[in-house]
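This report describes one protein model, with attention to its pocket, its helix packing and its salt bridges.

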Amino acid sequence: MMQILKRIPVKQVLTAASRQKLTEQFEQDYLRLKQECEQLWFEQKKLEKKQEFSKMEVEKRFSAEIQKRKDKMKRAEHLLGQLEILPDDSELVIDEVDSIVTVEAGDRYEERMLDPQIIIKDGIVIRAR
């Protein structure tokens with residue numbers, strides 16, 4: 001027997017209530033990430049002025065962190081765009097979680113590794129498939 005860690009998407013069924021809640025959440029995430037980028041940039045400039053740190057090393061370290069946040073901002077923008085165009089009752093991937101899948105000798109691998117998903121509607125899990 002072996003246990004495997006697998007990423008599983010969490011999908012939200014869009015309703016008027018969930019659309020409003022998700023819009024607020026993604027907008028808040030976007031603004032928070034933007035603020036973090038500005039703070040990191042400020043800290044980077046502050047450290048670059050100090051003689052004890054290499055300007056290139058500081059820039060390398062901070063630019064990686066800023067880029068991570070910019071990527072998350074792009075995802076939030078994409079999700080906001082999806083909320084605008086998708087009709088009610090559509091499913092939107094809002095998160096991913098880790099799950100443990102147990103595989104034993106004799107199992108059909110394809111069946112064990114099928115595309116599992118968690119489906120949520122208005123904050124309630126309606127399917128775990």
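## Largest pocket

The largest pocket has a volume of about 240 Å³. A pocket here is an open set of points on a 1 Å grid over the protein atoms alone, with protein on both sides within 12 Å along at least five of seven lines, and lining residues have an atom within 4 Å of a point. The model is a predicted one, in which local features need pLDDT of at least 70, side-chain atom pairs count only at pLDDT 80 or more, and totals for chains, interfaces and linings use all residues. Residues are numbered from 1 along each chain as its sequence is written, and side-chain values use heavy atoms, with hydrogens and water left out.

Helix α1 gives the largest share of the lining, 6 residues, while α1, α2 and β2 (91-103) each supply at least two. Among the lining residues are F26, R32, K72, L79 and D95. By class, the lining comprises 6 nonpolar, 1 polar and 5 charged residues.

## Packing of α1 and α2

Helix α1 (residues 16-49) packs against helix α2 (residues 55-85) at an angle of about 165°, and their axes are 9 Å apart. The two helices are therefore roughly antiparallel, a term for angles over 145 degrees. The contact of α1 with α2 involves 16 nonpolar, 2 polar and 14 charged residues.

## Salt bridges

The whole structure contains 13 salt bridges, each defined by a side-chain nitrogen of Lys or Arg within 4 Å of a carboxyl oxygen of Asp or Glu. R19 and D88 form a salt bridge at 2.7 Å, N to O. R19 belongs to helix α1 and D88 to the loop between α2 and β2, so this pair ties together parts that are 69 residues apart in sequence.

How values were computed:
Axes fitted to C-alpha atoms, helices over the stretch in contact; angles between N-to-C directions. Helix = DSSP H or I, 4+ residues; strand = E, 2+ residues; numbered from the N terminus. Parallel < 35°, antiparallel > 145°, perpendicular 65-115°, else oblique. Nonpolar A, V, L, I, M, F, W, Y, C, P; charged D, E, K, R; others polar. 1 Å grid on protein atoms, 1.4 Å probe; cavity = no way out; pocket = protein on both sides within 12 Å on 5 of 7 lines; lining within 4 Å. Points joined across faces, edges and corners; volume = space filled by probe spheres on them.
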